[in-house]
Amino acid sequence: MSEKPRLVIVETGVANLASVRALAERLGMEPVVSADPEEVIRARTVILPGVGAFGPAMQKLKENELDVAIQDRVAEGLATAGICLGMQLFFEASEESEGVDGLGIFQGKVRRLENNLPLPQLGWNRLEPEPDAHLLQPGWVYFANSYGVAVRAHPEMSGKKVSGGFDFDAIALATTTYGSPFVSAIEAWRKGRPSLLLCQFHPELSGIFGTQLFARWLDLNGARRPL
Amino acid sequence: MSGLAVRIIPCLDFKDGRVVKGVQFEHLVDSGDPLERARIYEAQGADELTFLDISATVEGRKTMAKEVARIRRSIAIPITVGGGISTIDDAARLLDSGADRVSVNSAAVRTPKIIGDIARQFGVQCAVVAIDAAKNSAMPSGYEVRIAAGAVPTELDAVEWAKEAASRGAGEILLTSIDRDGTSLGYECTLLGLVAHAVGIPIVASGGASKLEHFLEGYQSGASALLAAGIFHRGEISILEIKNYLAIHNVEVRL
């Protein structure tokens with residue numbers, strides 16, 4: 001059977017998904033865009049893409065009960081990735097949309113990048129993984145963001161127990177500096193696999209580096225093996 | 001030090017789905033195939049690609065969307081598409097096809113509301129405002145906005161218009177000097193500096209770069225990204241040469 005393994009991309013509204021679809025295809029997967037919570041819970045691999053603003057995206061997820069579906073996946077240790085805003089949604093809140101609860105899988109609040117540099121940060125910057133990272137590697141990655149998680153917030157997310165009962169065996173970060181340092185990626189391990197991968201950058205637009213990062217992530221999760 | 005690399009951006013002009021300017025690669029004679037060109041630039045280290053659709057027909061625009069979709073499948077760097085975008089539907093069609101950002105020019109001057117509409121619907125990073133500016137001493141900044149491919153003066157001050165575009169939600173300004181475009185004289189650095197200091201969003205410098213030092217001057221004037229077309233298409237300077245030159249002058253580049 002030569003059927004390609006499916007990669008479910010969570011539909012969050014007006015998303016421009018062509019680049020994420022193209023990433024899936026480069027990885028030999030069949031991209032499937034879905035807003036069906038059952039499909040999102042069941043899927044072997046799910047990507048939460050990043051488009052639009054924090055508040056409307058959370059509202060869209062809640063309308064379709066996709067917030068619970070994603071929390072359940074993460075609690076089960078199923079392969080799940082978030083990109084750009086899709087990473088920010090994993091935190092408790094964002095300055096972009098005050099009063100809106102995020103998925104709350106990690107503690108901390110997303111804040112506007114504060115510096116005297118042009119915003120949004122548009123372009124290539126360095127991904128600098130901490131020494132305990134096994135999946136994330138150093139390299140150039142492409143960003144398009146005005147918000148992020150400041151590094152000074154990151155002690156809150158270290159340790160096994162994070163928040164809301166989400167147990168990880170290990171969590172490692174990568175940081176990037178745009179005036180000041182922010183959290184640019186998170187790998188969280190369950191049962192010997194990096195089940196959760198969050199990227200503030202756009203792996204789908206980060207050339208070969210981004211494609212290879214996702215290839216490693218999928219393979220460490222066994223997601224490209226035939227069923 | 002920001003940490004962010006200055007972007008080098010080749011610009012491809014499209015007409016009816018073909019690349020139409022400066023097609024002089026020896027090994028690409030009679031090619032004009034945008035996908036082949038895009039692949040070469042990605043391999044040479046382009047940080048992003050900009051496509052400008054100069055088709056004048058509805059058919060031409062449909063072809064453009066198809067070409068963007070074809071290129072998107074094999075190119076893994078950001079793509080900005082501009083030219084003839086006058087409605088939110090035009091923008092949506094190109095973004096659906098695989099553009100990461102769209103640039104609006106004449107339509108934004110005629111209907112400034114479109115800037116905020118694109119920013120709200122697709123995100124600030126999607127909304128690029130292209131400004132074509134020409135010297136005019138009657139303007140407070142000394143530069144006037146022109147539309148319709150530079151043919152029509154607007155009596156809008158270029159720096160004031162850039163500020164308004166940013167306040168309406170533009171995530172980037174693609175700033176072309178009409179006086180320098182097609183010359184080999186280098187970017188219009190005075191204009192770049194004025195606009196870069198007036199707004200808090202990234203500026204793409206465009207028009208006139210032909211030598212390595214022009215790229216350094218553009219960066220030093222405050223541009224976040226440096227665009228060129230003809231010199232890349234004709235093979236006169238490679239992207240790698242520019243990046244090496246900038247790197248030895250202590251400018252952050254992605255190598």
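The model is predicted, and local features need pLDDT of at least 70, side-chain atom pairs count only at pLDDT 80 or more, while totals for chains, interfaces and linings use all residues. Residues are numbered from 1 along each chain as its sequence is written, chains are lettered from A in the order in which they are written, and side-chain values use heavy atoms, with hydrogens and water left out.

At the interface, 35 residues of chain B are in contact with 28 residues of chain A, contact meaning heavy atoms within 4.5 Å. One salt bridge is found across the interface of chain B and chain A, a salt bridge being a side-chain nitrogen of Lys or Arg within 4 Å of a carboxyl oxygen of Asp or Glu. The partners are R126(A) and E252(B), whose closest N and O atoms are 2.9 Å apart. Two or more residues on the side of chain B that touches chain A come from each of α2 (58-74), α3 (88-97) and α5 (113-122) of chain B; such helices (H or I, at least four residues) and strands (E, at least two) are DSSP runs, numbered from the N terminus. Of these, α3(B) gives the most, with three residues.

On a 1 Å grid over the protein atoms alone, a cavity is a set of points where a 1.4 Å probe fits but cannot get out, and a pocket is an open set with protein on both sides within 12 Å along at least five of seven lines; lining residues have an atom within 4 Å of a point. A volume is the space filled by probe spheres set on the points, which are joined across faces, edges and corners.

The largest pocket holds about 1,100 Å³ of space. Its lining has 47 residues, and D13(B), L52(B), I54(B), D132(B) and D181(B) lie nearest its centre. Strand β3 (residues 49-53) of chain B supplies the largest share of this lining, four residues.

Three cavities of 30 Å³ or more are found in the whole structure. The largest cavity, of about 240 Å³, is lined by 19 residues, with N16(A), G50(A), H202(A), D100(B) and Q125(B) nearest its centre. The second largest cavity has a volume of about 60 Å³, and its lining includes D53(B), R61(B) and M64(B). Here α3(B) again gives the most to the lining, with three residues.
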